Amino acid sequence: MNKLERRFYLVDAQVLPEVFLKVVRAKELLASGEARSISAATRAVDLSRSAFYKYKDCIFDSENGREVITVMATLRDETGALQSLLAGISAAGASIVTINQSTPENGAALVAVTIRTDTMQMTPEELTEKLSRQRMVVGVHCGYNL
């Protein structure tokens, strides 16, 4: 099974191991702002950080089924660089939520684009690889907004 062929099962929370429920709760604390860091969230639910990182991308609350990530890129200070990056994200089927760009320094600018991944036709890792091949992209990676 390749990355695009992930399978999901809807399971009653009552039968899940406690670690999964703690991961979901930690993600909720982070999303609501009640916890300002992964360390704070995992401490609040009595969960190890390693368990959180192991399962955070594999368990989701079906009520909140829309995963949000941030694409962080360094772009050359050239006309059309941001437009090209956004076109690549849009072509992947992602929904753009926010865009933040720093003032260019030394010929490059930092950009953070928050996206919803529920309609994407590729994984975040594949999106990162695709965007990194753009001529005006100096570097790019994805971070999860949990």
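Guide: What follows concerns the salt bridges, with particular attention to one helix. This is a predicted model, in which local features need pLDDT of at least 70 and side-chain atom pairs count only at pLDDT 80 or more, while totals for chains, interfaces and linings use all residues. Residues are numbered from 1 along each chain as its sequence is written, and side-chain values use heavy atoms, with hydrogens and water left out.

A salt bridge is a side-chain nitrogen of Lys or Arg within 4 Å of a carboxyl oxygen of Asp or Glu. The whole structure contains 6 salt bridges. One of them joins K22 to E18, with 3.6 Å between the closest N and O atoms. Both K22 and E18 belong to helix α1, 4 residues apart, which is about one turn of the helix; helices (H or I, at least four residues) are DSSP runs, numbered from the N terminus. K22 counts as buried, at 18% relative accessibility, whereas E18 is exposed, at 54%. Here buried means under 20% relative accessible area, exposed means over 50%, and partly exposed lies in between (1.4 Å probe, protein chains only).

Helix α1 also holds E28 and R25, 3 residues apart. These two form a salt bridge, their closest N and O atoms being 3.4 Å apart. E28 is partly exposed at 28% relative accessibility, and R25 is partly exposed at 35%.

A further salt bridge links D57 with K56, at 3.1 Å between the closest N and O atoms. K56 is buried, at 9% relative accessibility, while D57 is partly exposed, at 25%. Finally, salt bridges that share partners connect E18, K22 and D46 in one network.

Terms used
Helix = DSSP H or I, 4+ residues; strand = E, 2+ residues; numbered from the N terminus.
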